[in-house]
Amino acid sequence: MLHAINHSPDAIRALRSIGAFQFLLLKRLCNRATRARDINVAWVQAVWFRLPPDWVESFCAFRPPGSKKPTTLESMRKIAGATTARKTSILLAFLAGQRVGQWFFAPGRSSTAKVAAHTEPLKKAVINLLHGFYAPALYEDGGYLGYMPPIGQANQPFHRQHLQDLFDLQNDIDVCPYCNGAATHRDMDHYIPLSRHPWLSCSPVNLVPVCKGCNLSKTTKPPWTETAAIPTQDWFHPYLRSADGNYMIELRGAAGRPEPRMVPIGATPANRCLNFENLVKLPETWKTQARSVVSTLKKELKRQAVRRGAALGEPEIRAILAESRHDADAVSRSAPYSLVRRAICDAVLNNRPGYMQMFQAAAVP
Ligand SMILES: [Zn+2]
């Protein structure tokens, strides 16, 4: 998001094949001749005859851990027992739901909110079924072995770790794409929340490896403005409309307490930055990090002053911070919060009031 990212072609193929299996199952469940009492493990195994029978059986019994939610098989029965009109709505919503690109770029397309409302009475069953597919197919420790899309290694199912590895190989990025923070522990974020849009449970345009903090901050907030003519007009999207190249970081607040904020550049609407900041609580994260960056830079200046045995003058401080900014640029995709570091160095180099004085006070032996 802050950085350009993409999935690898292999990951896209694998995820699309999951989507194809989802659609095949929904299509059969929503056939007008299919009734609730028809649905059992053997029926699902016949529909998904390309998948290992054991895996299908496990899938049918899947229930989110520790919850009292129905199993995926019970959800299938609910869908199969719906009226023909509702079944048609589910299928149309699934197909419409895949066209995320159209929501983002074409005015007048059905809004995400409308799509979700079509199937409200059956929403829980559909969410449970499609979420159920996400967990067994993609959780690394889910225990649902046997699912092997084309890229799977011999006797290895494709799962979340594969997706993560392929993402890493493709992108050469070690930081969280949402906040530029450390991403040692990553979650797979559904950019458009599962609860709103279960159709995108395994969609390549909707899965983003992010830090746990961003995933928690985002919760189930929808990344669009439901009341707007084009709900997605004022929103970035990790893959379809990246913020990369469309924003800069501006420091607000006093020199000692900088508050880094995203501001648009070029023709980018300001709301896109604001909406994204609010979505992942970026100002709070960056404010904390900015203090830590200031403290680190002060320590570095002090260390150099001690080494020289004299207070550093303005030219020396400028030179050190220019070098730090240069380094921050070089590692913006690998070192956490280097975007914030760059903004703070810039504040000094661009003579923002208070910054030089603050660092001069620290640059003494
Ligand atoms: Zn993050």
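Modeller: Asn 180 is found in the loop between α9 (160-171) and β1. The model is a predicted one.

Colleague: What makes Asn 180 buried or exposed?

Modeller: There are 27 other C-beta atoms within 10 Å of Asn 180. The cut-off for buried is 20 or more, so Asn 180 counts as buried.

Colleague: Which loop holds Lys 281, and what is the phi of Lys 281?

Modeller: Lys 281 sits in the loop between α11 (270-280) and α12 (282-308). Its phi is near 50°, again positive in a residue other than glycine.

Colleague: Why is Lys 281 called partly exposed?

Modeller: Lys 281 has 15 C-beta neighbours inside 10 Å. Buried needs 20 or more and exposed 12 or fewer, so Lys 281 falls in between and counts as partly exposed.

Colleague: Where does His 197 lie, and why does His 197 count as buried?

Modeller: His 197 lies in the loop between β1 (186-190) and β2 (207-211). Its count is 22 C-beta neighbours inside 10 Å; with the cut-off at 20, His 197 is therefore buried. The C-alpha atom of His 197 is 9.1 Å from that of Phe 94, and the two residues are 103 residues apart along the chain.

Colleague: How do you know which residues of helix α4 (residues 72-80) line one face?

Modeller: The buried residues of α4 are Thr 72, Leu 73, Ser 75, Met 76, Ile 79 and Ala 80. Seen down the helix axis, the buried residues of α4 fall within an arc of 155°, so they line one face of the helix.

Colleague: Which residues have the most contacts inside the largest nonpolar core?

Modeller: Ile 79, Val 340 and Ile 344 do, in a core of 88 residues. Helix α1 (residues 9-29) gives the most to this core, with eight residues. The core also draws at least three residues from each of domain 1 (9-218) and domain 2 (281-362). Leaving aside residues up to four places away in sequence, Ile 344 touches Leu 251, Pro 258, Ala 290, Val 293, Val 294 and Leu 297.

Colleague: What makes β3 and β4 a pair, and in which sense do they run?

Modeller: Strand β3 (residues 247-252) and strand β4 (residues 259-264) are joined by six bridges in the antiparallel sense. At least two bridges are needed for a pair, so six bridges qualify β3 and β4. On the β4 side, Pro 260 is the bridge partner of Leu 251, and Met 262 is that of Ile 249.

Colleague: Where is confidence lowest, and where is it highest?

Modeller: The lowest is helix α7 (residues 112-118), with a mean of 48, and the highest is helix α2 (residues 41-47), at 97. Residues 142-147 have a pLDDT below 50, and beyond near neighbours in sequence that stretch has 17 contacts in the model. The protein chain averages a pLDDT of 86, with 90% of the residues scoring at least 70.

Terms used: Residues are numbered from 1 along each chain as its sequence is written. This is a predicted model: local features need pLDDT of at least 70, side-chain atom pairs count only at pLDDT 80 or more; totals for chains, interfaces and linings use all residues. A nonpolar core is a set of buried Ala, Val, Leu, Ile, Met, Phe, Trp, Tyr and Cys residues joined through C-beta atoms within 7 Å. Helices (H or I, at least four residues) and strands (E, at least two) are DSSP runs, numbered from the N terminus. Domain bounds come from an automatic or database domain assignment. Two residues are in contact if their C-beta atoms, placed from the backbone, lie within 7 Å. pLDDT is the predictor's confidence in each residue, from 0 to 100. The arc is that of the directions from the helix axis to the C-beta atoms.
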